[in-house]
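Please keep the structure open beside the text as you read.

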Amino acid sequence: MIVLHFFLVNVFLVGMTKTFAIFFVVLQEEFGSTSEQTGWIGSIMSSVGYSAGPLVPVICDLCGSKTASILGAFLIAGGYMISSWATSIPFLCVTMGLLPGLGSALVYQTCVVVISKYFKKRLALSTAIARSGMGLTFLLAPFTKALIDLYDWTGALVLLGAITLHLVPSSMLLRPIHITSKSNSGVRDKGSGLSARSPEAVCETETLHCIETQEPALRDRAMQKPGQPGTSLTDAQTQNEEFNNGPNRCRVFLITDEASFKKKTLLWSCRQQFCDISLFKDPFVYIITWSFLFSQLAYLIPTFHLVARAKTLGIDVMDASYLISVAGITETVSQILSGWVADQNWIRKYHYHKSYLILCGITNLLAPLATTFPLLMTYTIFSAMFSGGYLALIIPVLVDMAGHSMMQKFIGFVSFFAGIAVLSGPPLAGWLYDYTQTYAGSFYFSGACYLLSSVSLFFIPLAERWKSRV
């Protein structure tokens, strides 16, 4: 069920993001805007979906993963529907960019964390099957074009928003995992968000243990009648004093009732999400951040500009939409095969990831040579093949580098910087077109970013040797 929900998320979110290439041409003609101005809509939508990553763990702590995902689905659907009343590009930057982007962050990153907890041995294959949903753009692209032809772009946005509401019932499939153990399993689960090596993690774990020890006594005290002796509170205070005099001197909250207890622990958890700096001591954070930043900077540029480039070459827009369809089919098959191969553990997963990034770079550098429809189709197939390969391995590589306990913070930090790259990528590529009057520069830029993305992965063995000595 978790894989099914993640599959639908990729169909509706990533698939509809890719179909923005069709809206790109329509909106440019409707409002008479430049490529750079129109590109801001798609880049804001994608960048907010990444940059809001650090907020997702906090929102999940406040209301739970299921509720956060449902809230995100309503934001996406509402943003598309409100966009149908747009009168300018800045209006669309908010309604079609900001709102769906924030909703995408809530829905998508919640799925990533949940599926990494459900699957261990077959994580790459399960992730690849789920992410293959983005390949259904081979249906969404012609479907979106047909909606625009029948109901204009305003009606198409309303219908796409209504379709996105299917994520509300599918989000209800996100059931949390409850792991029980005889010896303080709850303490370890609550402290799993922090690195086990850091003193902050040890301090918080002991604090949580002390709070849990005091909670029954404090509840008993709250239920006592005024005339009864307060032995439970005295015992709790004695435990608190002994704990505060210990070597770690961690702060313990004295809680007088259950509601206050929950509020205090929730505020403590939120503060830990923002104030924990143990993540910055891990060299893999910088390696993955560099790679993810440049790969996301490169990924959306060919997607947004492929149809526009085909149109400048004299190819009909309807025929050009089939390029996106073929890319979706190829990417789907590539992701499943890539995930299956990675799970065989013939070599380490990051080697596959690195190779796919290099091949993506070479393919995009050769893209300007494709000046006819058959050559564009050839480019589309190879580009989708290699991009699908590396996309299927993003989550498994993150889990290998960060571990399950640090996964949520790791992906939030990495996504924040990736969002900055996504924000600047399409407008920068649009500026290159406005300056050169050709989309060749956009593909050159994308290819160079893919090659730069693979550079940091060569330092993984060095980082492993450094960590083994620390």
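Arg348 counts as partly exposed, at 39% relative accessibility; that label covers the range between buried (under 20% relative accessible area) and exposed (over 50%), using a 1.4 Å probe and protein chains only. Its partner in a salt bridge is Glu464, with the closest N and O atoms 2.5 Å apart. Arg348 sits in the loop between α15 and α16, while Glu464 belongs to helix α21 (residues 460-469), so the pair ties together parts that are 116 residues apart in sequence. Glu464 is partly exposed too, at 27% relative accessibility.

Before going on, a word on the ground rules. This is a predicted model, in which local features need pLDDT of at least 70 and side-chain atom pairs count only at pLDDT 80 or more, while totals for chains, interfaces and linings use all residues. Residues are numbered from 1 along each chain as its sequence is written, and side-chain values use heavy atoms, leaving out hydrogens and water.

How many salt bridges does the structure hold? There are 3, each a side-chain nitrogen of Lys or Arg within 4 Å of a carboxyl oxygen of Asp or Glu. Here they are side by side.

| Pair | Closest N and O atoms |
|---|---|
| Glu29 and Lys311 | 2.5 Å |
| Asp149 and Lys145 | 2.9 Å |
| Arg348 and Glu464 | 2.5 Å |

Glu29 lies in helix α2 (residues 20-31) and Lys311 in helix α14, so this bridge ties together parts that are 282 residues apart in sequence. Glu29 is exposed at 55% relative accessibility, and Lys311 is partly exposed at 36%. Asp149 and Lys145, by contrast, both lie in helix α8 (residues 137-164), 4 residues apart, about one turn of the helix. Asp149 is exposed, with a relative accessible area of 53%, whereas Lys145 counts as buried at 13%. Helices here are DSSP runs (H or I, at least four residues), numbered from the N terminus.

Now to the interior. A nonpolar core is a set of buried Ala, Val, Leu, Ile, Met, Phe, Trp, Tyr and Cys residues joined through side-chain atoms within 4.5 Å. The largest one has 106 residues, and Phe6, Phe23, Met96 and Tyr390 touch the most other members. Helix α14 (residues 283-312) gives the most to this core, with 15 residues. Apart from it lies another core, of 6 residues, including Val56 and Leu106.

Leaving aside neighbours within four places in sequence, Phe23 is in contact (heavy atoms within 4.5 Å) with Met96, Thr144, Ile148, Trp153, Ala156, Leu157 and Leu160. Among the residues Gln296 touches beyond four places in sequence are Tyr50, Tyr390 and Val422.

Tyr390 also brings us to helix α17, where it is one of the buried residues, along with others including Leu376, Phe386 and Gly388. What covers the buried residues of α17 includes α7 (123-131), α14, α15 (317-343), α16 (349-366), α18 (394-402) and α20 (440-455).

Finally, confidence. The protein averages a pLDDT of 74, where pLDDT is the predictor's confidence in each residue, from 0 to 100; 74% of the residues score at least 70. Over residues 179-256 the pLDDT is below 50, and this stretch has 88 contacts in the model beyond near neighbours in sequence.

Terms used
Helices (H or I, at least four residues) and strands (E, at least two) are DSSP runs, numbered from the N terminus.
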